[in-house]
Amino acid sequence: MLETLDPKTARIIPLTEATEPGFGVYVHWPFCAAKCPYCDFNSHVRHQQVDQARFVAAFKAEMAAARALSGPRTVTSIFLGGGTPSLMEPATVDAVLSQIGQLWHMPDGIEITMEANPSSVEATRFRGYRAAGVNRVSLGVQALNNRDLKWLGRLHDVEDALKAIRLAREIFPRMSFDLIYARPGQTVEAWADELRQAVDLAVDHLSLYQLTIEEGTPFFGLHKAGKITVPDDDMSAELYEATQAITAEIGMPAYEVSNHAAPGAESRHNLTYWRYGDYAGIGPGAHGRLTSGGEKFATATERHPETWLAKVETEGCGFVDCESLAREEQADELLLMGLRLREGVDLARWQALSGRDLDPAREDFLIEQGFIERLGNSRLRCTPKGMLVLDAVVADLAC
C-alpha cells in the first residue's frame, strides 16, 4: 500500500490500494527565466513581469470548465509543473490550490508537488509554498558538475543546487530531483560517481533521464551539424543498466523507466498518469484525461500563454481539443503507459477496454526473447531487457 504525508502535520497516512490510479490535477506555469537548449516543453521566456493575477483568474475559469466535465471527484494528487512554477508568487500558488479545493474534494494528506529550479529558489518563497499546502518539491538539478550544467544551459551552479536541496529538505516533507545522463563524453564510471552523490543528497525520489535530442531545440541543430555527439546505443544501454543497478543497491529501485524511489515514496501524481487514471490538465499547453457520462475525453489547451489567456477570458477555457476516445484507443494508451511501470499492466482492465485478448503468438515470442513476463494470471510487465526497447514491445503487443 502506498503512503503519503499530511501536508499540515507531516504524519504518514495510507492511500488507496497500490494499483488504484486516483484523480490528479495538473497546473502548467509556462514561464521560465531562460530556455534550456535541450528543452522541448511548452516553456516561454518573458522579459516583462507576468501579470500573475490575470493568470490566476484564468486558471480558475479553466478549472471550472474541467470540473463541469469531470463532475465531483476526490483529488489524490496535484502537480504544479512548467516551465518554472517556482517563479510563481506564493499567493498565486495559494489561490490555485484553494480553487482546486473549492471545485473538487481535496482531503488532507494528498500529494501536492511543485517543480522548482535551483536558480529561482528562495527561502521565503519555499516557506510560502509550504504554507499554501505544497508538501513535495521536485528540483531540476540536472547535473552535479559545473561544466555540464553550463553546457545544458542551466542558470545555477552546483553550489546553488546543493543550497536548494538543503533548503528543500528542511522545509518540505518530501523531495525529488532530476538528473540528465548520457551526456557527451560521459563514462559509466563518472555517471556512477555522480549518481551515488545524488543518492546521498536525495530524500526519497530521483528522476533520471537519458538526454534525448528533440527536434525544434537548439541541440537538434547542433547535433545535425555534428557539433554534439551523444553516446551510441551500446553506451546508452550501459549507462541505463548502471543506473538500475546502483539505485536498486541503495534501496531506491526503478518503479518506472526513469523514476526511482524508496518504497512508499513513489510519485503519486505520476502514477496516476502511468496507471491511466483521470486528470485535469490546466494552463497553456496542458493535456488531460477526463471521464464523463461513461466516455473518456482527451483534452488539450492552447499552447501559447498569451493566446491561451485571451481565449480563457473570452470563452471560459483554453481547450482546443476535447476528443472522446474509443475504447480501443483507451486500451492502447493503457498499454503504452502501464508497461512503463515495474508493476506492469492489469490485463483484465486492458481486455475490458480492447474487447480482445493479447495475441498468444506475439506474447509467447516476447516472453521467449526475455522482453516481457507474466505476474500470475492478472498482470503483464516488461523485463529490464524489455525496458530498453519499450516502444517496440508496446507496438508489437498492440497490433
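In this predicted model, Y276 is found in the loop between α9 and β13, the strand of residues 278-282. Y276 is not a glycine, yet its phi is positive, near 60°. With a relative accessible area of 5%, Y276 is buried. A second residue of this kind is A182, which has a positive phi of about 65° although it is not a glycine. A182 lies in the loop between β9 and α6 and is buried, with a relative accessible area of 2%. Most residues other than glycine have a negative phi, and most peptide bonds are trans. The backbone also has a cis peptide bond, between G82 and G83, with omega at about 25°. G83 is placed in the loop between β6 (77-82) and α2.

Y276 can also be related to a residue in helix α2. The C-alpha atoms of D94 and Y276 are separated by 28 Å, and the two residues are 182 residues apart along the chain. D94 has its place in helix α2. Its relative accessibility is 35%, so D94 counts as partly exposed.

**Helix α2 against α3**

Helix α2 covers residues 90-103 and packs with α3 at an angle of about 15°, the axes being 9 Å apart. Because the angle is under 35 degrees, α2 is roughly parallel to α3. The crossing in which α2 passes α3 is right-handed. On the α2 side the contact involves P90, V93, D94 and L97, and these meet R125, G128, Y129 and A132 in α3. By residue type, the contact of α2 with α3 divides into five nonpolar, one polar and two charged residues. D94 thus belongs to this contact while being partly exposed, at 35% relative accessibility.

**Aromatic pairs around α3**

The structure holds 16 aromatic pairs. In one of them, F126 and Y129 are tilted, at 6.4 Å centre to centre with 55° between the planes. The two residues are three residues apart in helix α3 (residues 123-132), so about one helical turn separates F126 and Y129. F126 counts as buried, at 0% relative accessibility, and Y129 is buried with a relative accessible area of 0%.

F126 has another ring partner, F172. Their ring centres are 5.1 Å apart and the planes stand at 80°, so the pair is edge-to-face. This pair links distant parts of the chain: F126 belongs to helix α3, while F172 is in the loop between α5 (158-171) and β9 (174-181), 46 residues apart. F172 counts as buried, at 5% relative accessibility. Elsewhere, ring pairs link W29, F31, F55, F59 and W308 into a cluster.

**Helix α6 against α8**

The loop that holds A182 leads from β9 to α6. Helix α6 (residues 188-201) and helix α8 (residues 233-249) have axes that come within 10 Å and cross at roughly 30°. That angle makes α6 roughly parallel to α8. In passing α8, α6 makes a right-handed crossing. From α6 the contact uses V188, W191, A192, L195 and R196; from α8 it uses M235, E238, L239, A242, T243, I246, T247 and E249. The residues of this contact of α6 with α8 are eight nonpolar, two polar and three charged.

**A buried serine**

S267 has its place in the loop between β12 (259-261) and α9 (268-274). S267 counts as buried because its relative accessibility is 0%. Not counting residues up to four places away in sequence, S267 touches E111, R136, R174, H205 and Y255.

**Accessibility of the residues discussed**

| Residue | Relative accessibility | Class |
|---|---|---|
| D94 | 35% | partly exposed |
| F126 | 0% | buried |
| Y129 | 0% | buried |
| F172 | 5% | buried |
| A182 | 2% | buried |
| S267 | 0% | buried |
| Y276 | 5% | buried |

Technical notes: Residues numbered from 1 in each chain as written. Predicted model: local features only at pLDDT ≥ 70, side-chain atom pairs only at ≥ 80, totals over all residues. Heavy atoms only, no water. Axes fitted to C-alpha atoms, helices over the stretch in contact; angles between N-to-C directions. Helix = DSSP H or I, 4+ residues; strand = E, 2+ residues; numbered from the N terminus. Parallel < 35°, antiparallel > 145°, perpendicular 65-115°, else oblique. Left-handed = near helix turned anticlockwise from the far one by under 90°. Contact = heavy atoms within 4.5 Å. Nonpolar A, V, L, I, M, F, W, Y, C, P; charged D, E, K, R; others polar. Phe/Tyr/Trp six-rings, centres within 6.5 Å; stacked < 30°, edge-to-face > 60°. Buried < 20%, exposed > 50% of the residue type's maximum accessible area, 1.4 Å probe, protein only.
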